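Subject: Structure handover

Hello,

Here is the structure I promised to pass on. Please open it first, then read my notes below.

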Amino acid sequence: MISPNDWKQQAQAQTGQEHSLHWLLQPAIAQAAFRAAELPTRKTERWKYTPVTALLQQDFLQPAAVDSIDEARARDCFADLPNASRIVLVNGQLNRALSDFSDLENQGVITLFSSASPEQRELINMHLGTALNPDKHPFAALNYSNLQDGLLLHAPALQKLAQPVYVVYLGSALATPAWAQTRLLVVAEPGAELQLIEQFDSVGEQNNLFHNHVTEIVLQPNARLQHIRLQVEQEALRHINGLHVKLTRDSHYEQHGIAFGSQLKRNDINVNFAGENAACVLNGVFLSKHRQHIDNHLNLEHATPLCTSNTAFKGFVTDESRAIFNGRIHIHPQAQKTEAHLNNRNLLLSKKAELDTKPELEIYADDVKCSHGASIGQLDEKSLFYFQSRGIDKASAEAMLCLGFVNEKVEQIPSEPMQLLAQHKLGQFFNDVEKLKTLWSL
Amino acid sequence: MSKGNEIDDLISREYEAGFVTQVESDTLPPGLNEEVIRIISGKKNEPEWMLEWRLEAYRKWQQMDIPRWAQMPHPEVDFNAISYYSSPKSKKNGPKSLDEVDPEVLATFEKLGIPLHERGKLAGVAVDAVFDSVSIGTTYKEELAKAGVIFCPISEAIKDHPELVRKYLGSVVPQQDNFYAALNSAVFSDGSFVYIPKNTRCPMELSTYFRINELNTGQFERTLIVADEGSHVSYLEGCTAPMRDENQLHAAVVELVALGDAQIKYSTVQNWYPGDANGKGGIYNFVTKRGLCAGVNSKISWTQVETGSAITWKYPSVVLRGDNSVGEFYSVALTNNFQQADTGTKMIHLGKNTKSTIVSKGISAGRSQNSYRGLVRISPRADNARNHTQCDSLLIGDRCGAHTFPYIEAKNSDSIIEHEATTSKVSDDQLFLCRQRGIDEEKAVSMIVNGFCKEVFKELPMEFAVEAGKLLEVSLEGAVG
């Protein structure tokens with residue numbers, strides 16, 4: 001056990017070390033931000049419902065060792081995407097044996113920071129950190145302070161990538177606590193079009209990993225990105241995840257996410273509108289059971305006129321778990337003719353579970369259409385009765401209604417193999433949820 | 001009336017209650033220390049326990065920090081530059097009856113349309129009028145006494161009904177509840193006390209009217225309403241202040257207690273001076289209002305129309321402790337020019353089958369900022385709790401802001417909670433439709449705004465609803481075009 005102050009000191013000492021990527025500009029900025037940052041406490045509004053005390057007492061402060069991983073088990077995690085370029089990181093390190101992306105690597109679409117060409121270095125320095133404010137995100141600042149390596153996905157102008165880019169972050173069982181810090185920078189050139197799939201998964205039980213991840217996305221004018229995210233790790237793992245998106249003129253960003261709770265899981269999704277007529281769709285479902293914890297923090301910064309955003313998140317909370325949703329829409333004074341809608345619907349199934357939701361609107365322009373809604377409820381009595389009146393027993397009826405609730409979001413995932421994988425993972429998740437057991441064993 | 005006159009009439013309308021009354025007053029020098037509290041307590045001839053209670057609050061207040069979480073930047077309030085007590089000077093030891101009150105003061109209330117004689121146009125409403133730090137008169141006392149209802153200034157209640165005051169004062173809003181409540185507990189000077197006995201329906205509407213007159217004073221009134229089992233009361237509150245370039249502080253505390261089967265309906269039309277078009281002057285309205293549904297089947301309903309004050313910081317709340325209790329909050333908050341409002345409610349569900357409804361309408365114009373901040377908390381034992389929240393905001397002009405910060409915390413899986421919020425501007429289509437029919441733009445906006453607020457206005461007692469409608473028109477002055 002260490003104190004949060006020691007934790008910060010140690011983290012700082014580590015990040016101050018010599019970097020092999022001396023050409024990177026970001027670490028110096030991030031280090032300053034992290035030094036100045038106060039680590040969240042219960043009094044920090046943005047972390048009100050998510051205590052990180054336990055995390056900050058745990059001595060994670062060494063990079064996770066790259067153990068040999070059971071390859072067969074690792075491959076079991078993958079979705080059946082035969083033509084996709086697959087990049088696999090185990091405990092934060094690239095695993096070439098499990099990966100398969102040589103085509104795109106040769107074309108310069110996917111590059112490791114450590115092997116970036118001079119042009120790519122310039123590109124990385126130009127975009128890294130532009131969608132992210134490290135002062136507001138201490139863990140992201142920590143991530144960028146300690147930039148040993150990273151992934152660059154650079155989609156060329158006016159091209160549509162035929163196959164999805166599939167990035168898998170795997171945690172393997174570790175004997176001692178350790179951290180993995182990963183980051184992905186996506187730069188889509190004007191008119192580029194691509195699908196990105198991120199999967200956060202784990203192999204083996206008793207996972208002592210603290211995963212601190214940042215994905216930064218910059219969409220140039222007219223670029224389009226479909227983003228599918230699965231966060232389905234084993235529940236002992238701790239994961240703080242930052243997704244920071246910058247949208248320029250006429251760009252289009254669409255996200256479909258499924259996230260399971262774990263000992264500590266925090267998702268920050270930050271979308272910055274930096275050009276007119278950009279559009280953003282965020283679809284997600286979060287689920288928590290046992291004593292899991294999941295915190296979703298969305299922030300949509302509408303800083304330019306004529307943009308639209310549509311956010312719809314669903315929550316499924318049971319047992320003694322706790323889930324949080326915080327969705328903020330911020331319309332800047334100049335962002336006239338914005339249309340922004342946000343919706344959070346939750347199913348709270350257990351007396352000992354807790355759900356806190358806080359949809360926020362902060363509006364400084366008048367010619368806008370904005371709305372948000374939130375609801376917390378249980379399974380609909382009438383629907384249950386409908387099932388039962390047709391001879392389906394109550395337990396099965398409940399299970400079907402729960403599945404129907406979650407499945408709406410699964411069906412929206414624009415990739416059939418990912419839908420199948422999601423359903424498979426959901427099956428595992430529901431397997432020990434009392435209400436759903438019956439149906440799943442049918 | 002010709003059309004030209006009508007427009008002139010509209011334009012010339014502004015804050016009508018902004019005059020100053022010239023009365024000799026007895027005002028304490030600015031500053032706050034234990035001595036000042038002893039003087040205030042002494043002026044009221046308070047018993048020892050009351051003074052102790054105030055001093056305890058003062059000591060707690062000194063340890064507390066100014067809350068800074070609300071969405072409202074403002075210059076620091078210098079708590080030592082405020083005078084904590086001011087009363088119109090009277091020749092004797094305070095007026096025995098309304099006839100003895102300074103005619104200037106009576107004229108003030110007359111001018112404001114508050115009937116202090118019992119045959120006025122609002123006959124049938126009992127009024128307690130508070131001028132700066134003292135209550136200057138209460139009407140219909142005898143008639144209310146017949147029904148067993150106690151309606152008097154709180155300073156009188158402390159002397160005449162100490163058992164009731166001791167039991168309930170601070171029971172809903174404890175001394176150390178928040179910075180401004182602690183300050184109020186230490187220095188409160190007057191306010192109203194209401195007690196409705198068991199199974200009694202209060203025979204008339206009760207009303208308190210607050211008036212700040214003196215310069216550099218703060219008004220700290222304290223209202224305590226206790227509705228005993230099976231009783232019912234409807235209470236109205238109104239307020240105005242002169243137009244001044246200095247900001248003045250108003251930090252009130254209102255506590256409501258509803259015992260089993262009791263119902264309290266509390267309506268406010270808040271029209272403190274909002275400051276001028278450049279944001280100079282106006283009242284800082286930092287108020288703590290909370291009701292406790294202590295008994296089974298009790299009900300507390302807050303209705304507020306907030307058009308005044310430079311800054312409004314106010315969250316009338318309901319603690320739903322009794323099973324089957326009901327809490328309601330209906331609010332219209334209008335801000336214009338440089339006004340800031342951060343207002344909303346808290347519904348704390350503790351008992352079983354408790355229900356709450358929140359309807360909040362925010363209208364921002366000019367360069368004002370208007371926030372709804374609310375909390376709905378369902379505790380683990382609040383089985384079958386139900387909440388519905390509706391927050392709508394209307395924006396008039398492109399320099400104002402409208403914000404919504406609802407906190408929803410559910411710890412019981414039997415509860416159903418819904419929250420909806422929308423923000424939009426006055427629709428061009430609606431405006432066009434009105435203008436096409438010969439209604440000018442200002443009138444059309446005022447019609448649309450009135451329609452927008454209808455859901456809340458219908459909860460107000462009739463006289464208030466009319467006044468509220470008029471207030472909106474005045475406050476929106478110059479917001480269009």
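A term to start with: a crossing counts as left-handed if the near helix is turned anticlockwise from the far one by less than a right angle, and as right-handed if clockwise. Please also keep in mind that this is a predicted model.

**Chain B: a helix pair**

The term applies at once. In chain B, α3(B) passes α8(B) in a left-handed crossing. Helix α3 of chain B covers residues 48–62, and helix α8 of chain B covers residues 179–187. Their axes come within 7 Å and cross at roughly 150°. From α3(B), the residues that meet the partner are B:Arg54, B:Ala57, B:Tyr58, B:Lys60 and B:Trp61. On the α8(B) side they are B:Ala182, B:Leu183, B:Ser185 and B:Ala186. By class, this contact has six nonpolar, one polar and two charged residues.

**Chain A: two domains**

Now chain A. The domain assignment gives domain 1 (4–275) and domain 2 (381–442). How far apart are the centres of domain 1 and domain 2 of chain A? Taken over C-alpha atoms, 31 Å separate them. The domains do touch: 12 residues of domain 1 are in contact with 11 residues of domain 2. On the domain 1 side, the elements that give two or more residues are β9 (224–231) and β11 (252–260) of chain A. That side divides into nine nonpolar residues, two polar and one charged.

Take α8 (residues 381–389) and α9(A) first. Their axes come within 9 Å and cross at roughly 130°. The two helices are therefore oblique to each other. Their crossing is right-handed. α8(A) brings A:Ser383, A:Leu384, A:Phe387 and A:Gln388 to the contact. α9(A) brings A:Lys394, A:Ala397, A:Glu398, A:Met400 and A:Leu401. The classes here are five nonpolar, two polar and two charged.

Then α9 (residues 394–411) and α10 (residues 416–430) of chain A. These axes come within 10 Å and cross at roughly 155°. That makes α9(A) roughly antiparallel to α10(A). This crossing, too, is right-handed. Which residues meet between α9(A) and α10(A)? A:Val406, A:Val410 and A:Glu411 come from α9(A). They meet A:Gln419, A:Ala422, A:Gln423 and A:Leu426 in α10(A). The contact has four nonpolar, two polar and one charged residues.

**Where the chains meet**

Last, the contact between chains A and B. It takes 31 residues from chain A and 29 residues from chain B. On the chain A side, the elements that give two or more residues are β18 (354–363) and β19 (369–377). Which element gives the most to that side? It is β18(A), with 10 residues. The chain A side divides into 13 nonpolar, nine polar and nine charged residues.

Strands also pair across the two chains. Seven bridges join β19(A) to strand β24 (residues 416–425) of chain B. These two strands run antiparallel. For a place to look, find A:Cys370, which stands opposite B:Thr423 in β24(B).

That is the handover. Write back with any questions.

Best wishes

Conventions: Residues are numbered from 1 along each chain as its sequence is written. Chains are lettered from A and ligands numbered from 1 in the order in which they are written. This is a predicted model: local features need pLDDT of at least 70, side-chain atom pairs count only at pLDDT 80 or more; totals for chains, interfaces and linings use all residues. Domain bounds come from an automatic or database domain assignment. Two residues are in contact if their C-beta atoms, placed from the backbone, lie within 7 Å. Helices (H or I, at least four residues) and strands (E, at least two) are DSSP runs, numbered from the N terminus. Ala, Val, Leu, Ile, Met, Phe, Trp, Tyr, Cys and Pro count as nonpolar, Asp, Glu, Lys and Arg as charged, and the others, Gly among them, as polar. Axes are lines fitted to C-alpha atoms, for helices over the stretch in contact, and angles run from 0 to 180 degrees between N-to-C directions. Angles under 35 degrees count as roughly parallel, over 145 as roughly antiparallel, 65 to 115 as roughly perpendicular and the rest as oblique. Two strands pair if DSSP finds at least two bridges between them.
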